[in-house]
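Morning, everyone. Please look at the structure on the screen while I talk.

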Amino acid sequence: MVFMSSTTFERTQRVAVLGGGPGGYEAALAAAQLGAEVTLVERVGVGGSAVLTDVVPSKSLIATADAAVAISEASDLGVNFYAKGENGKPLKPEIAINLAAVNKRLVALAGQQSEDMRATLLEAGVRILSGHGRLEGPTAIVVSTGQGGTDFDRIEADTIIVAVGASPRELDSAKPDGKRILTWTQLYDMKALPEHLIVVGSGVTGAEFASAYMNLGAKVTLVSSREQVLPGEDKDAASVLEKVFKRGGMQVLSKSRADKVQADKDGVVVTLSDGRTVEGSHCLMAVGSIPNTAGIGLEEAGVELDESGHVRVNKVARTSVPNVYAVGDCTNFFPLASVASMQGRTAVFHALGDIVIPLELIKITSNIFTAPEIATVGYSEKDVEDGIADGLVYKLPLAANPRAKMMGIKDGFVKIIARKGSGTVIGGVIVAPKASELIYPIAVAVERRLTVDQVSRVFAAYPSLSSSITDASRAMHLGYIS
């Protein structure tokens, strides 16, 4: 009688990740932690454009602008800066922005973050290839690693994760030249603060950079094709931000579409669709992005794309090809770095048989890093107005908060949306300094289906900005049960 060994050997799962941005990074790290054989392909550096030319440098620039605002507004709190002149008389203080030094720091921070991420992946056992990759069918990636495309590596994989991101959209009538007409990836080459920056596009990217450069001291004109800045966002939040912009000296041109932008050695001229022209020193084109999905073999491998070129994925980031997943800005899901990271981990968990919780759009927390910040989660007030959600809305101005008074904060609010009858928190909006931090309790409430009464019973430190969340939830006690 022959006895067979009860020990079975399962071949290590092979995972190939194309793109090393937030989604690709998290996917590679999670796969390595689960014991897979992982290869990551990235052409610009670990972290991708999100770390090197987008999220990390832009938010670092915004932090610098916040510091400039804090200094300029310190006198409101009784803190004065001055230098003694002749006869001991104080001289009027001025805030000087060394943009060359600022940008040098931003680029260095981005590079260091990229290196830290690379080191983490290598320590986890991930193989990293630098080069241009493309799918060769649904089970392999071919990587051009040599100069002139002469050297190639072929990576066989059981699971492929596409995380190639997106690039700034360019218009034929306003071609970026990297000097006067710029995309948001080209801003960090500027050596001096622009005398007059014209920002075309009032979405998240346009609003963030317009806010930052205004607070750094540049003259800013924001060209918005819509009636309000931040179209699609909470109307009350957009109204607060537009008021802050105008109070800070920004010119906001609403319902104004830019037809073309022309540059010369001295500046730029933006021609609007109604024939008006706006002259400035520089122009930032913030008119959206396009996915980096062309020419990388997706369609040949059977991966379905939508009309805009985004990869169609489901709630676990799976594409139309069972073993191919896609994450981040190249997909049709939700273009946020935090979402890309979660998609990356979710894709790996699903592919390797770990516990998976499908992603739900309604539970995603997003933040706009203007001054003040705007953070949102869950259903919106418009969803309630349109009958999509059966809820009640309560808004509490931040100026009523004692900590806000102490800090000199005049703009902003906390808005909570709760379901009628049950009082379950289904959404929220916060407009405040560091709203990105303050939104977390509301996000937890949405995720865990807490009621406004349950939120109101949580102790908030006194005084604190977060106590506005407690106050707003307490105010809804009678509203939702009636």
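How far apart are the centres of domain 1 and domain 2, taken over C-alpha atoms? They are separated by 32 Å. Before going on, some ground rules. Residues are numbered from 1 along each chain as its sequence is written, and side-chain values use heavy atoms, with hydrogens and water left out. This is a predicted model, where local features need pLDDT of at least 70, side-chain atom pairs count only at pLDDT 80 or more, and totals for chains, interfaces and linings use all residues.

Now the domains. Their bounds come from an automatic or database domain assignment. Domain 1 covers 14-51 + 103-167 + 290-361. Domain 2 is 181-287, and domain 3 is 372-476.

Next, the cores. A nonpolar core is a set of buried Ala, Val, Leu, Ile, Met, Phe, Trp, Tyr and Cys residues joined through side-chain atoms within 4.5 Å. Buried means under 20% relative accessible area, exposed means over 50%, and partly exposed is in between, with a 1.4 Å probe and protein chains only.

The largest nonpolar core has 39 residues. Leu61, Leu187, Phe209, Tyr213, Val220, Leu230 and Met250 touch the most other members. Several elements each supply at least two residues of this core, among them α3 (55-72), α4 (99-124), α5 (204-216), β13 (219-223), α6 (235-247) and β25 (425-432). Helices here are DSSP runs of H or I with at least four residues, strands are runs of E with at least two, and both are numbered from the N terminus. Which helix gives the most to this core? That is α5, with 7 residues. Where does the core lie? Domain 2 and domain 3 both give residues to the core, so it lies between them.

Take one member, Leu187. Contact means heavy atoms within 4.5 Å. Not counting residues up to four places away in sequence, Leu187 touches Asn103, Leu182, Phe209, Tyr213 and Leu284. There is also a second, separate core of 26 residues. Ala301, Cys330, Phe333 and Val339 are included in that second core.

On to two helices. The expected span of a helix is 1.5 Å times one less than its number of residues. Start with α4. Just after α4, Gly125 takes a positive phi of about 95°.

Now α6. It has 13 residues and reaches 18 Å from its first C-alpha to its last, close to the 18 Å expected. Ala237, Ala238, Val240, Leu241, Glu242, Val244 and Phe245 are its buried residues. They pack against elements including α5, β13 and β25.

Let us stay with β25. Gly427 lies in this strand. Is Gly427 buried or exposed? Its relative accessibility is 0%, so Gly427 counts as buried. Leaving aside neighbours within four places in sequence, its contacts are Val377, Gly378, Tyr379, Lys415, Ile416, Ile417, Ile442 and Val446.

Compare Phe152, in strand β8 (residues 152-156). Phe152 is exposed, with a relative accessible area of 53%. Beyond neighbours within four places in sequence, Phe152 is in contact with Val142, Val143, Ser144 and Thr145.

Now some backbone details. Ala371 and Pro372 are joined by a cis peptide bond, with omega about 5°. Pro372 is in the loop between β21 (366-368) and β22 (373-378). Another cis bond runs from Tyr462 to Pro463, with omega near -5°. Pro463 sits in the loop between α12 (452-456) and α13 (467-475).

Which way does phi go at Lys255, positive or negative? Lys255 has a positive phi of about 50°, although it is not a glycine. Lys255 is exposed, with a relative accessible area of 60%. Arg449 is not a glycine either, and has a positive phi of about 55°. Arg449 is exposed too, at 60%, in the loop between α11 (440-448) and α12.
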